[in-house]
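Colleague: I am new to this model and would like a close look at one part of it, the contacts between charged side chains. Please take me through them slowly.

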Amino acid sequence: MRRWLKVLLIVVIVLIGIAGGGGYFLARRSLPDYGTQVRGGVGEEVTIYRDERGIPHISAASLEDLFYAQGYTQAQDRLWQMDLSRRAVAGRLSEIFGEGFVETDFFLRSLLMRHSAAEGLPFMDPRTVELLGRYADGVNAFIEDNSGRLSPEFLLLGYTPEAWTVVDSLSIGKYMAWDLGGNLDTELLLAALLEALPEEKALELFPYYPPEGLTITRAKTGEIPEKLAAGGYLGLLKRVNSVRVGIPGQELGSNNWVVDGSMTASGSPLLANDMHLGMGVPSIWYQTRLEIPGELTLSGVMFPGIPGIIVGTNGHVAWGVTNVGPDVQDLYRERQHPDNPYLFEYDGLWEEARVLEEEIFVKGREEPVRREILITRNGPIISGAHMALGELEEIPGVAEPLSLRWTAHDVTKEIDAVLRFMTARNWREFSAALEDFHVPAQNFVFADLEGNIAYRANGRIPVRRQGEGLLPAPGWDPEYQWQGFIPYENLPALYNPEEGLIVTANHKVVPDSYPYHISHQWAPPYRAGAIREALAGREGLTVQDMQDIQFSVANTQARILMPVIEEALSQASLQGREAEAREILLAWGEDPKDEADSPGAALYHTLYIKALEVTFLEAMGEELFNQFARGPVVSPFDRMLLEGSIWFDEYPGGRSAVLQEAFRRAVA
C-alpha cells in the first residue's frame, strides 16, 4: 500500500508539472465536457444536468436508460478510480505499476474476491444482470467517445482501460465486504499477542464490551484452543493490513439514527446517517439523483463502479447503514501432507485441494509470473508453506498453512437486493429485499412516508459448533466447521419501537440473552450514548437539529476516563508548563469537547496514545505494538484504566504512574 501511495503521489507531482508548463493543454483536455450531446445507446431521450455541487441529476424513461447514463456520468468523473478499484480486487496492479506489486497481487487474488464474484454471476436475477450490462455499456460508451483524451493517469502509466464488465461491478461489491470485515485482522492480532506475551497478559487485551453498555435491541471471552503453532502471525497481519485502503482511524465510527413523528416538528420521521469509510480524494462515495418521471425518484450515494443507490431515499422510503461488525471470517490452521503439498487433513483423512492456476502479468516483464492458489474445504490458503510453490519467495506466514473461510466467498446477491430495495414503497417490501443482502452485514435503519421506522441487522452470520472465531481454529477438526447461518427471521430487528427512536453506532447489537453469537468486536458505546443523550426527551426536531447532532464534538469517553486521569495527575509533582497543562486539561475535562482549536482536547488524545505506548510498547516491540494500536484495543484499555490491570503492576505507583508518565510525554 505504501508503494501504491508513493506511485499516486508521483502521479500528482507530475500532473502539477504538466499543468504549470507546456503540457497545460494536455491536462486540461481530459476534463469531462458536461455539455456534450451523447448520441445513441439509450431507448429514449435522457437528460443529465449538474447542480452547483457538480452532482449529476439523471432523468430517463426506464431503468435501462438510467443505468446507462449513470455509467456514463460515473466514468466521466471517476474512471481512473473505478479502474484502479477493479484492478486491486482482481490482483492486477503489477500490470500498470510493475514488479513491486506482484506479491500484493497474488495475495489479493488468494482472497478470491473477483473469482467469487464471477462464480456468483449465473445465480443473479437475469433482470439484475441486464441492468448491470446497461451500466457497463454506459461506462464503455464514455471510454470509446473519449479515446485519446482520458484522465492523465492513463497517459502517465501508458495504458488504455479495458471495457467495463458486469463482473467488474460485482467484484467491487466483494471488495467493500473485505474493507468492512476485519475479523481476520483480529484473529491474527490475538494470535500474535498470545505468541509474544504471557497468556495472562494477552487475555487482558482480547475484545471487551462493558456489561452496562448500550445495545440496539435492548461477552464473554474464554476461547483458547489447543496450542497455536509458533511463528509468523505478525507477518501475515502486516500483509493483510497493507492491502486495506485508508489510514487507520480515519474511517472509524459510522452512525445512523431515525426518529418517528412524535419527536419531530413536521410530524413525520427524520433519518440521519454518516458512513465513516476511509477518507480519500476522490471520495469513496459517488452521489447521484436518478429519476423516472412519475414513477421513481432516487437520491443518494453508491460506490463508483456500481449502479444504483445503496444509501438514500426514493421519495417513499429512506434508509441508512452502519457496519454491524459481525464475525464472518475465520482462519483455519491446515495440516499439509509432508510429501504432497496438495493434500490436507480433515477428520483423519487426506483431501485434495482445489487448484487455481494464476498468471500475473507484470509491466516491463515479458513472461507472466505463474502461481497456484490452493483451496481446501475451509477456503483458500492465504499463508504458509505452500507459498514456495511458485516463482516468488514465500509470503510471510505461519509455520502451518492458514486458510480463510469468509461469507463473501459464497454466492451472494447484494446487487439483486439493492435494485429491489431502491424501489420499495414500505417496510414489507424493503425487508423482503434485504433478505438477499448477504455481505457486508449492515445495520439498516428505515423510515417511510406513512410514519413507520424500523431497523434490521442484516447479512449472513455464521453459526459455529465450537469456538467463537477469536483465534485460528484447527481446520482438520469437524467440530470447528460452520453449521450454517443465523436464520433471517432471527436476525435482530425493530419495527416502530415504543420510544420512537432507533440508534446504531457500531455498538453491540443484542443483549447477552440473544441465542446466537454475532461478534466480540463491538465499537465502544460512547457514540451511541452521545446520540441518545442528544435526542433524549426531544420534541419538534428539525433537519437542522439532526445536522447539529451529527456535528457534535462531545467526548463521552473522556467523561468516563477523566476522573481517573485527574486522580493520577493530582498526585504528581508538576512544575512550569506541565503544571499549566494540567490545569488546561482538568478545566477541559469538566465538559469535554473535541473542538478543533482546543488545547485540552489535544492533550487528552495525545495522553491516551502515550498511555498505550507507556503500557505496551516495550513488552510488545514496535512492530506488534503498531498493529495492536490500530486494532480493537479501546474497550480493553479503557477497562484497564477504570478497573486496574496486571499490566500496571510492573510500574512503581501502578496506573497513576503510567498516566503521569503519559501526561509528561503528551505535554512534550
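Which side chain meets that of E345 in a salt bridge, and what is the N to O distance?

Modeller: This is a predicted model, in which local features need pLDDT of at least 70 and side-chain atom pairs count only at pLDDT 80 or more, while totals for chains, interfaces and linings use all residues. Residues are numbered from 1 along each chain as its sequence is written, and side-chain values use heavy atoms, with hydrogens and water left out.

The partner of E345 is R335, at 3.6 Å from N to O, in a salt bridge (a side-chain nitrogen of Lys or Arg within 4 Å of a carboxyl oxygen of Asp or Glu). E345 belongs to strand β10 (residues 343-346) and R335 to the loop between β9 (329-333) and β10, so the pair links parts ten residues apart in sequence; strands are DSSP runs of E, at least two residues, and helices runs of H or I, at least four, numbered from the N terminus. E345 is buried at 18% relative accessibility, whereas R335 is partly exposed at 34% (buried is under 20% relative accessible area, exposed over 50%, partly exposed in between, with a 1.4 Å probe and protein chains only).

By this rule there are 39 salt bridges. Another joins R114 and D168 at 2.7 Å, N to O, and since R114 sits in helix α6 (residues 113-120) and D168 in helix α9 (residues 166-179), that pair ties together parts 54 residues apart in sequence. Here R114 is partly exposed at 26%, and D168 is buried at 4%.

Within helix α19 (residues 599-620), K610 and E613 are three residues apart, about one helical turn, and their side chains form a salt bridge of 3.4 Å, N to O. Finally, salt bridges with shared partners connect D83, R86, R87, R92, E95, R114, E162 and D168 in one network.
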